[in-house]
Amino acid sequence: VDHLLGIKYLTKNDIDLIFETANHFKEVINRPIKKVPSLRDITIANLFFENSTRTKLSFELAEKRLSADVINFSAGQSSVKKGETLIDTVNNILSMKVDIVVMRHSNVGAGVFLSKHVDAKIINAGDGTHEHPTQALLDSYSIKEALGSVKGKKIVIVGDILHSRVALSNIFALQLQGAQVKVCGPTTLIPKYITSLGVEVETNIKKALEWCDVANVLRVQHERMDIKYFPSTREYTQLFGINKEILDNLGKKIVIMHPGPINRGVEITSDVADADQSIILNQVENGVAVRMAVIYLLAQQIKR
Ligand code: CP
């Protein structure tokens, strides 16, 4: 593939190659000298038109660990505020000899649009409610690390599926690798098309957790809701919140994941988020190695 725009454009072989490469980089970043000189001749621009903590810092660190030159752009402090278009913004940045653009944007398909209009490799760091491919890759990588494989595992994605790019990218990635996927949440926050993707819907959180090996818990994205959704935050927590009591009554230990940022006490209690069975910070750690792999593999296609 020429860009990383979404998991839907990848094959199982692509994911295997990314994970093999990430294994190597995970070793590298655990050495006293955490860098390799591989991309000394590559320049990368991180363009964030939407807020981010993990993804932005993880990409920047991955790029620096590969010895690339890095420039960072946040739309809020830029000439976008003066009305400059996306294509003008990116073409101006590319004229400074930039090879790869990492972009987060609130519009669905922003990465695909950009890839057709500018001459650079594009990595989608989240496009609206659509895809967040590197999050799904690091999630699958973390499941593989925790359980030995993704194939045959039962994964439930819990919460606000409707507004979640993490959910869609995870569904594509997990199914490519042979996992079974269910979603669980209020019907108002589950899109109607989800069953057409081969995903079952479970509206009872206890049943969903009894079924699964892994629960990937999502944040309720109030900022993407333009109408008042049922349930309220309090009702959501009562009906779908994951707490220690529910987990202790399962009779088995499941793996807990969350892409962050966490609404502690809403979709997950602090004691669960910080429990031994939670791999939330492992996900963040693995994000750097996985993003190094994605960037490294795309950079191999650039003529130098
Ligand atoms: N998981 C994730 O995308 O987090 P940020 O929004 O902080 O980047």
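In this predicted model, helix 2, formed by residues 54-65, lies across strand 1, strand 2, strand 3 and strand 4. Relative to strand 1, helix 2 runs at about 175 degrees.

Four strands make up an open sheet, arranged in the order 2-1-3-4, and their pairing is parallel. From one strand to the next, the twist averages 15 degrees.

Within the sheet, strand 1 comprises residues 43-48 and strand 3 comprises residues 100-105. These two strands pair in the parallel sense over five bridges. As an example of the pairing, Phe48 has Arg104 in strand 3 as its bridge partner.

The model also shows a contact between two helices. Helix 1 covers residues 12-28 and helix 11 covers residues 280-299. They pack at an angle of about 120 degrees, and their axes are 8 Å apart. The crossing of helix 1 and helix 11 is right-handed.

Which residues in helix 1 and helix 11 meet? Helix 1 contributes Leu17, Ile18, Thr21, Ala22, Phe25 and Lys26. On the side of helix 11, the residues are Ala289, Val290, Met292, Ala293, Val294, Tyr296 and Leu297. The residues of this contact divide into eleven nonpolar, one polar and one charged.

Definitions and conventions:
Residues numbered from 1 in each chain as written. Predicted model: local features only at pLDDT ≥ 70, side-chain atom pairs only at ≥ 80, totals over all residues. Axes fitted to C-alpha atoms, helices over the stretch in contact; angles between N-to-C directions. Left-handed = near helix turned anticlockwise from the far one by under 90°. Contact = placed C-beta atoms within 7 Å. Nonpolar A, V, L, I, M, F, W, Y, C, P; charged D, E, K, R; others polar. Pairing = 2+ DSSP bridges.
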